[in-house]
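Welcome, and please open your viewer. We will go from one selection to the next, with a short note at each stop.

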Amino acid sequence: MPEGDTVWRTANALRTALNGKVLTTCDVRVPRYATVNLTGTRVDSVVSRGKHLLIRVGDASVHTHLKMEGAWQIYAPGERWHRPAHQARIILATEDAVAVGFSLGITEILDCDQEDSVVGHLGPDLLGPEWDSAVAEENLRGAGSEPIGVALLDQRVMAGLGNVYRNEICFLRGLHPRTPTDRVPDLAAVVDLSHRIIGANKSRPVRVTTGDTRPGRQTWVYGRRGKPCRRCGTRIREELLGPDQLTERQIFFCPSCQPLTRD
């Protein structure tokens, strides 16, 4: 599941393949941008902003978002692709590399000075060079009575967390995901843990929050419905949580380690 760490690694791979090189092919398979052709233009930089990717080519910025099923893959010229060609949304090639964006949730070409229109709303980037924990904490505090499990997925608060991390962070802090944010006793600790846990995973191909890299042991609660809590043995529960029915996502929690207290 693509989260900020996946996008960070993707940006690094694209940077290695494309940065400073001239495009020999630019094929955008999105009707709105089908006539855009950046062939012959040099790739100046590749950056990630939370879950967003920006590939800057001359005056243009290729903005993509993986959403749930998207992926960028890099091939040698002539190498067979691992995914069907009909899933390709954009192809950027140089003399020695072919970068293909498959099933991307967003693919658009902007002027570089328009980037704020797509990433300007984001909170501090958890994996960015200008990470600011104080701003992230202030943003989180601004969520008020919104459940902490909803606030952590709000990219306007801090950019990069996805559903795996929000569940694991809540467990590690002993918070039920439905706990109102303004009732969380130490928001600074939540922000600090968010930064540390995603930072520890940014270079790993497999996401690990328990410290145990063995298959089936990488997470505390995520994806473990009905299994015993690794701390107390209580069965992990699964429910849905979101700001509305259209954006509800699974939450996993231990009823004993993460009690939902009510007045």
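Two strands count as paired if DSSP finds at least two bridges between them; helices (H or I, at least four residues) and strands (E, at least two) are DSSP runs, numbered from the N terminus. This is a predicted model: local features need pLDDT of at least 70, side-chain atom pairs count only at pLDDT 80 or more, and totals for chains, interfaces and linings use all residues. Residues are numbered from 1 along each chain as its sequence is written, and side-chain values use heavy atoms, with hydrogens and water left out.

**The sheet.** Select R49 and look for H52 in β3, its bridge partner. In total, 6 bridges join the antiparallel strands β2 and β3. Now show the whole open sheet: 4 strands in the order β2-β3-β4-β8, with antiparallel pairing. β2 and β8 (106-111) are the edge strands, each pairing on one side only.

**The cores.** A nonpolar core is a set of buried (under 20% relative accessible area, 1.4 Å probe, protein chains only) Ala, Val, Leu, Ile, Met, Phe, Trp, Tyr and Cys residues joined through side-chain atoms within 4.5 Å. Select L14, I55, W72, I90 and L92, which have the most contacts inside the largest core, a set of 26 residues. Its largest share, 5 residues, comes from α1. A second, separate core has 24 residues, including L126, W131, I169 and L193.

**The loop.** Finish at D182, between α5 (163-172) and α6 (187-201). Leaving aside neighbours within four places in sequence, D182 is in contact (heavy atoms within 4.5 Å) with G144 and S145. Its C-alpha atom is separated by 29 Å from that of V208, 26 residues apart along the chain.

Definitions and conventions:
Buried means under 20% relative accessible area, exposed over 50%, partly exposed in between (1.4 Å probe, protein chains only).
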